[in-house]
Amino acid sequence: MTERLADTPAGIARAAELLRAGELVAFGTETVYGLGADATNAYAVAAVFEAKSRPRFNPLILHYPDADSAFADVEASDLARRLAAMFWPGPLTLVLPRSEASRVTLLASGGLDTLAVRVPAHPTALAVLRAVARPVAAPSANRSGQVSPTTVAHVLSELEGRIAAVLDSGPCPVGVESTVLDLTSARPVLLRPGGVTLEAIDAAIGPVGTGKPVSRPRSPGMLASHYAPALPVRLNARCVAADEALLAFGPPLAGAGATAQLSLTGCLVEAAANLFASLRALDDAGKNHTLRAIAVMPIPETGLGVAINDRLRRAAAPRQEAT
Ligand code: TXA
Ligand code: MG
């Protein structure tokens, strides 16, 4: 059953308590209702993808009660600080390089080295975020492919029974998602139009690009749009060679040069939570030993397995030139 929480100090405290315990709680923001999870908890973030039935691990927006806490998780440029001073709290999301100190789980950023951060302009959301005192990942609180919800009734029509609680703070005043601005390349690039208009941003900082950002990959597998390991990926492995790394799902095949376990018990939520960290661990192992590929054991095409296989298939596909 999904708990309905009132917009009261007790309701806010309960929402924060559930979030800190790794549960999913939907809450209103000025834009749309978000499906919140503790962004430092990979299991909680995996559960978000499962509840939404998202077929892909898209990077999620991280929510904070103020700019100081947001900028602890990213490398904030002067431009980012200026934009934050002008538009936060408000419907503007900034994409910036992840900071060394950040404890945000890789799954929340789809494995990327950047994070999308924002401070919502909603008193109830801000109170929850202050009480949680951790970054909260919150995509819109709808099933994948459906429209973003702006009332509790919309949230419950799709997520009733799939999430721990929903905090009712009334209808969302803005009604469209936040504007997403990528600040990782020399020129800011609009990734998604939203609550803050392009005109308002132009007036504040000058012209903004609207094409694809041209961020330089940090390693061969590191493209702007998704993370892929540097080692080639071989799917549906039924055996493994000594010069291969093994990404295991269930009891591991014997004989690999290095092994990372997604889930010994075959739990897909656990596997999703471990996916990006495991790929990076095997890539690192490949730097010390001569490993020629990552062999991936079969993963069922059900539930979160769909998103896991999507990501692995894209990692296994022929590489785009990193230009
Ligand atoms: O208004 C909103 O932004 C709502 C409320 C709940 O805050 N949230 C929301 O989150 O719309 P979500 O997860 O549905 O949207 C995430 C958007 C996507 O377009 C995604 O591609 C982009 O932000 N995004 C997130 N992290 C990114 C990153 N590291 N690099 C590039 N784009 C990113
Ligand atoms: Mg959405």
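Predicted model: local features only at pLDDT ≥ 70, side-chain atom pairs only at ≥ 80, totals over all residues.
Residues are numbered from 1 along each chain as its sequence is written, and chains are lettered from A and ligands numbered from 1 in the order written. Local features need pLDDT of at least 70, side-chain atom pairs count only at pLDDT 80 or more, totals for chains, interfaces and linings use all residues, and side-chain values use heavy atoms, without hydrogens and water.

**View 1. The shell around ligand 1.** Of the 21 residues around ligand 1 (a heavy atom within 4 Å), Thr31, His63, Arg118, Ser178 and Arg192 come nearest. A polar side-chain atom of histidine 63 lies 2.6 Å from a ligand oxygen. For the side chain of arginine 118, an N or O atom is 3.0 Å from an oxygen of ligand 1. The protein covers 87% of the 680 Å² of accessible area (Shrake-Rupley method, 1.4 Å probe) that ligand 1 has on its own. Strand β6 (114-118; strands are DSSP runs of E, at least two residues) gives the most to the shell, with three residues.

**View 2. Glutamate 244 in strand β12.** Glutamate 244 is found in β12 (residues 244-248). Glutamate 244 is buried, with a relative accessible area of 2%. Beyond four places in sequence, its contacts (heavy atoms within 4.5 Å) include Arg234, Leu291 and Arg292.

Notes: Helix = DSSP H or I, 4+ residues; strand = E, 2+ residues; numbered from the N terminus. Buried < 20%, exposed > 50% of the residue type's maximum accessible area, 1.4 Å probe, protein only. Polar contact = N/O pair within 3.5 Å; in protein donor to acceptor, adjacent residues only side chain to side chain.
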